[in-house]
Amino acid sequence: MRSIYVLAGLLAALALSACGQSKQAAEQQPPMPVSETVFAPTVSALDKARSVEGTLQQDKDNADAAIKAAE
């Protein structure tokens, strides 16, 4: 009698595991755009920091050239 319950439980677990999504189906779906996720503010802040980095590097190069010219 007990083995019937064990067998029924195993069959139920097997049936439920067969209902899962395959890895191929998950890989075929395109990723969500970042603008629709909770990471959108962070990504936009990083993009803004990257754009400012170029300006700061240019200012540094100008200051280095001015210092070198003053020597």
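**Close-up 1. Salt bridge between D47 and R50, whose closest N and O atoms lie 3.2 Å apart.** A salt bridge here is a side-chain nitrogen of Lys or Arg within 4 Å of a carboxyl oxygen of Asp or Glu, and by this rule the count comes to two. The model is predicted, so local features need pLDDT of at least 70 and side-chain atom pairs count only at pLDDT 80 or more, whereas totals for chains, interfaces and linings use all residues. Residues are numbered from 1 along each chain as its sequence is written, and side-chain values use heavy atoms, with hydrogens and water left out. Both D47 and R50 belong to helix α3, three residues apart, or about one turn of the helix. D47 is partly exposed at 43% relative accessibility, while R50 is exposed, at 54% relative accessible area (buried means under 20%, exposed over 50%, and partly exposed in between, with a 1.4 Å probe and protein chains only).

**Close-up 2. Salt bridge between D64 and K60, with closest N and O atoms 2.8 Å apart.** This pair also lies in helix α3, where D64 and K60 are four residues apart, about one turn of the helix. D64 counts as partly exposed at 36% relative accessibility, and K60 likewise at 44%.

**Close-up 3. Nonpolar surface patch of about 380 Å² made by V34, V38, F39 and V43.** Patches consist of residues with over 30% relative accessible area and no salt bridge, like charges being joined within 9 Å and nonpolar side chains (Val, Leu, Ile, Met, Phe, Trp, Tyr) within 5 Å. V38 sits in the loop between α2 (23-28) and α3 (40-70), and V38 is exposed, with a relative accessible area of 70%.

How values were computed. Accessible areas come from the Shrake-Rupley method with a 1.4 Å probe; for residues, only the protein chains shown count as cover. Helices (H or I, at least four residues) and strands (E, at least two) are DSSP runs, numbered from the N terminus.
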